[in-house]
Amino acid sequence: MSEDLWPPRSLDDPRGPEVDAPPVSAPAGITLIIPTFNEADNVGELLRRLAAALPADPPCEVLFVDDSTDDTPAAIEKAGADCPFPVAVLHRERAVGGLGGAVVEGMARAGYEWIVVMDADLQHPPHLVPELVGEGIRTGADLVVASRHLPGGSRAGLAGGYRVAVSRAATLLAKGLFPRALRGVGDPMSGFFAIRRGAVTGAALAPLGYKILLELAVRCRPRTIAEVPYVFEDRHAGASKSTPREGLRFLAHLAALRCANPLARMIGFGLVGLSGFVPNLAALWLLTHVGVQYLVAEVIANQAGVLWNFWLIETLVFRDRRHHRRRLDRLGRFALLANADLLLRIPLIALFVGRLDMDVLPATALALVTTFVLRFVATEALVYLPRGPRAATTTRS
Ligand code: GDD
Ligand code: MN
């Protein structure tokens, strides 16, 4: 293992994290990345089973990326001392990106050619780790996914019919939205997989919550993908850390991935704009009913639509681009552009009717389309574009 990469640099190392370290000739071996959030009662047994399962050759290392509030790091250090392979803990003060964010930070520090991601609660059988990597070497695949949906696999440990239904719906949704990227991935919700280090770099990863495999499959587009069946076991100790909020994060994650190319972003922008008619009209109805003069009501109701659009655009369409300005700054600019759109439309219609001899209806339609495109371009440029020089973050999908 290269001394540069192991032990991992601390987060405040002045050289920064190795996120963009070139993938060139990582030494043969396996870096296991295990995200942990309050798993003190699991890590000992996990390391014991890993010690029994991992081969001496190729070499292995285990890196826990920990966001715990309990004594998980101490438990790892204690159990790690007896292991035949190096065990390290990267404890994060801020759990940026949740589970997925933890895995990405771990990947940046991986020293070996193969990265295996698995959970700490023994729902992912440790004896399968060498098999995943072996399958990748045998088939030449960049990514090997442990799947619950192949013959020989099962989701025995997925608690309750509700979790099974949610998991099935999430899988269908993801596969429907990304048919090409997820071709050959029967279980895109799996949290257990092996990926070549060289297949990870190059794309800007911005995972949000649990679905790190989805992020990698869509943004990195591994050339070939293999699958190995596995039985999703019961949790060894403790309870799942997944909450209903994680479900919402998943939907936002899907939207961000889907909106990663310019055309999709524009379509998303348009759909959100259309949905904005609902709060706009609802507010108009409410205001005129309490006796507000209708023109005043129009202007106020328009702001209800603007707020609604801003919230959805922020969470779904431009989620990964909102860090360049403060929220209030973004809202101000967004509202200004949305209202300018309204003001611009009238003279534009007059122009189309007066100068181009168009009828009112097609003139209005053309003005709507024109101001929509202008507003999209202006919003992207004036609200969500980074101010300094920036790295390319384009994604195919
Ligand atoms: N560092 C870090 N930060 N780790 C986390 C966080 C976090 O915010 N949240 C959860 N973890 C860790 C847990 O400690 C555990 O090791 C692993 O991530 C999975 O969390 P669980 O709470 O056990 O998830 P689950 O069993 O409901 O879901 C798992 O299985 C599903 C089916 O394969 C996950 O792997 C899902 O991604 C997967 O879809
Ligand atoms: Mn679990």
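Show the surface of the chain: its accessible area comes to about 19,700 Å², and carbon and sulfur atoms hold 63% of that (Shrake-Rupley method, 1.4 Å probe; for residues, only the protein chains shown count as cover). What you have open is a predicted model, in which local features need pLDDT of at least 70 and side-chain atom pairs count only at pLDDT 80 or more, while totals for chains, interfaces and linings use all residues. Residues are numbered from 1 along each chain as its sequence is written, chains are lettered from A and ligands numbered from 1 in the order in which they are written, and side-chain values use heavy atoms, with hydrogens and water left out.

Now switch to a cartoon view. The C-alpha trace spans about 80 × 45 × 40 Å along its principal axes, and you can look for twelve helices and seven strands (DSSP runs numbered from the N terminus: helices are H or I with at least four residues, strands E with at least two). Of the 397 residues in the chain, 49% are buried (under 20% relative accessible area; exposed is over 50%, partly exposed in between, with a 1.4 Å probe and protein chains only). Among contacts between residues at least 6 apart in sequence, 77% join residues at least 24 apart (a contact means heavy atoms within 4.5 Å).

Next, select ligand 1. Around this ligand are 27 residues, and the closest are Glu39, Asp67, Met189, Lys211 and Lys241 (a residue counts here if one of its heavy atoms lies within 4 Å). On its own, ligand 1 has 740 Å² of accessible area, and the protein covers 95% of it.

Stay with Asp121 and select ligand 2, the manganese ion. Which residues are its protein donors? They are Asp121 (OD) and Gln123 (OE1), lying 2.0 Å from the ion (donors are N, O and S atoms within 2.8 Å of the metal, or 3.2 Å for Na, K and Ca; water is not among the atoms, so sites may look incomplete). Asp121 is buried at 3% relative accessible area, and Gln123 is buried at 9%.

Select Leu50, Val116, Val129 and Phe192, which touch the most other members of the largest nonpolar core, a set of 36 residues (buried Ala, Val, Leu, Ile, Met, Phe, Trp, Tyr and Cys residues joined through side-chain atoms within 4.5 Å). Elements that each supply at least two residues include β1 (30–36), α1 (40–53) and β4 (114–117). The largest share, five residues, comes from α1. Zoom in on Phe192: beyond its neighbours within four places in sequence, its contacts include Val116, His124, Leu132 and Tyr230. Apart from this core lies another, of 35 residues, with Met107, Val185, Cys220 and Leu254 among them.

His253 sits in α7 (residues 244–258) and is buried, with a relative accessible area of 1%. Setting aside its neighbours within four places in sequence, His253 is in contact with Pro207, Leu208, Lys211 and Glu215. Finally, pick Ala108 in α3 (residues 98–108), buried at 7% relative accessibility. Ala108 and Ala199 are 91 residues apart in sequence, and their C-alpha atoms are 12 Å apart in space.
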